[in-house]
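Let's take a walk through a protein model together.

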Amino acid sequence: MARLKTAVLISGRGSNLQALIDAAAASDYPAEIVCVVSNNPGAGGLKRAAKAGIATASIDHRDFDRRASFEDALHTELMTAGVELICLAGFMRLLTASFVERWPDKIINIHPSLLPSFKGLQTHERVLSEGVRFTGCTVHFVRSEMDAGPIIVQAAVPVLTDDTADTLAARVLTAEHRCYPHALRLVAEGRTFIVDETVTIRQSTSPLGTAINPDDGHR
Ligand code: GRF
């Protein structure tokens with residue numbers, strides 16, 4: 001089975017990266033992490049990747065005077081590694097439209113809220129101050145607008161009365177670690193179809209390899 005060559009882009013601790021590394025350790029997982037790239041040379045996730053024997057690269061955005069030059073270097077790194085899909089996992093640089101257009105429907109991201117609510121940073125603080133009863137996480141295809149794009153997988157997480165931003169973040173993070181490997185699996189198996197900017201998930205195949213209702217997608 002050819003596994004989808006996947007890059008994970010990070011800026012920090014990399015717990016979602018770890019969830020993807022752990023999932024991809026199974027021989028029947030349809031994606032392989034071929035490189036981990038960080039814009040922050042001090043990102044803890046780089047050590048996780050190295051420990052798993054995955055190639056790493058640091059491309060420090062501060063070394064570039066233009067965003068386009070940084071993105072050119074990133075693009076070259078990914079092309080050299082033969083990357084077919086990019087997973088953003090706590091990658092704290094906005095990617096420009098010109099970069100996103102070079103990877104059409106080939107970049108996915110995880111965000112710690114139920115998009116399209118609570119885009120941007122400080123999501124858990126804003127969830128608490130708005131008093132919503134449920135929050136969650138979203139894995140979506142990336143568009144050039146921040147935290148926007150067709151939704152692949154979401155999980156809802158209840159907000160408890162005694163939650164702080166930290167306790168809520170921890171509960172949402174547990175859901176993130178389940179959702180991201182699941183979403184990457186769906187994409188890598190070629191089961192996600194974007195129609196009118198929404199994702200349809202095509203049914204899995206039966207053990208005999210016959211597609212079950214291949215055109216009878218559901219969300
Ligand atoms: C996660 O909450 C993710 O949803 C957000 O940034 C955080 C990254 O955490 N985009 P980690 O580096 O994966 O632990």
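Just after helix α5, Gly-131 takes a positive phi of about 75°. Before going further, a few ground rules. This is a predicted model, where local features need pLDDT of at least 70 and side-chain atom pairs count only at pLDDT 80 or more, while totals for chains, interfaces and linings use all residues. Residues are numbered from 1 along each chain as its sequence is written, and side-chain values use heavy atoms, with hydrogens and water left out.

Now step back into α5 itself, which spans residues 123-130. Helices here are DSSP runs of H or I with at least four residues, strands are runs of E with at least two, and both are numbered from the N terminus. The buried residues of α5 are Thr-123, His-124 and Val-127. They line one face of the helix, because they fall within an arc of 95° when you look down its axis (the arc is that of the directions from the helix axis to the C-beta atoms). "Buried" means under 20% relative accessible area, with a 1.4 Å probe and protein chains only. What covers these residues? The cover includes β5 (107-111), β6 (134-141) and α6 (165-188), with contact meaning heavy atoms within 4.5 Å.

Next, look for His-75 in helix α3, residues 67-80. Is His-75 buried or exposed? His-75 is buried, with a relative accessible area of 16%. Leaving out residues up to four places away in sequence, His-75 touches Phe-99, Arg-102 and Trp-103.

Then there's the ligand. Among the residues around it are Arg-13, Asn-16, Gly-90, His-111 and Pro-112, each having a heavy atom within 4 Å of it. Some neighbours make polar contacts, meaning pairs of N or O atoms within 3.5 Å. A polar side-chain atom of Ser-15 lies 2.5 Å from a ligand oxygen atom, and one of Glu-176 lies 2.6 Å from an oxygen atom of the ligand. Ile-110 uses a backbone N or O atom instead, 3.1 Å from a ligand nitrogen atom. The protein covers 85% of the 360 Å² of accessible area that the ligand has on its own, by the Shrake-Rupley method with a 1.4 Å probe.

Finally, zoom out. The chain has six helices and nine strands, and 46% of its 219 residues count as buried. Its C-alpha atoms fill a box of roughly 50 × 45 × 35 Å, taken along the principal axes.

Key:
Buried < 20%, exposed > 50% of the residue type's maximum accessible area, 1.4 Å probe, protein only. Polar contact = N/O pair within 3.5 Å; in protein donor to acceptor, adjacent residues only side chain to side chain.
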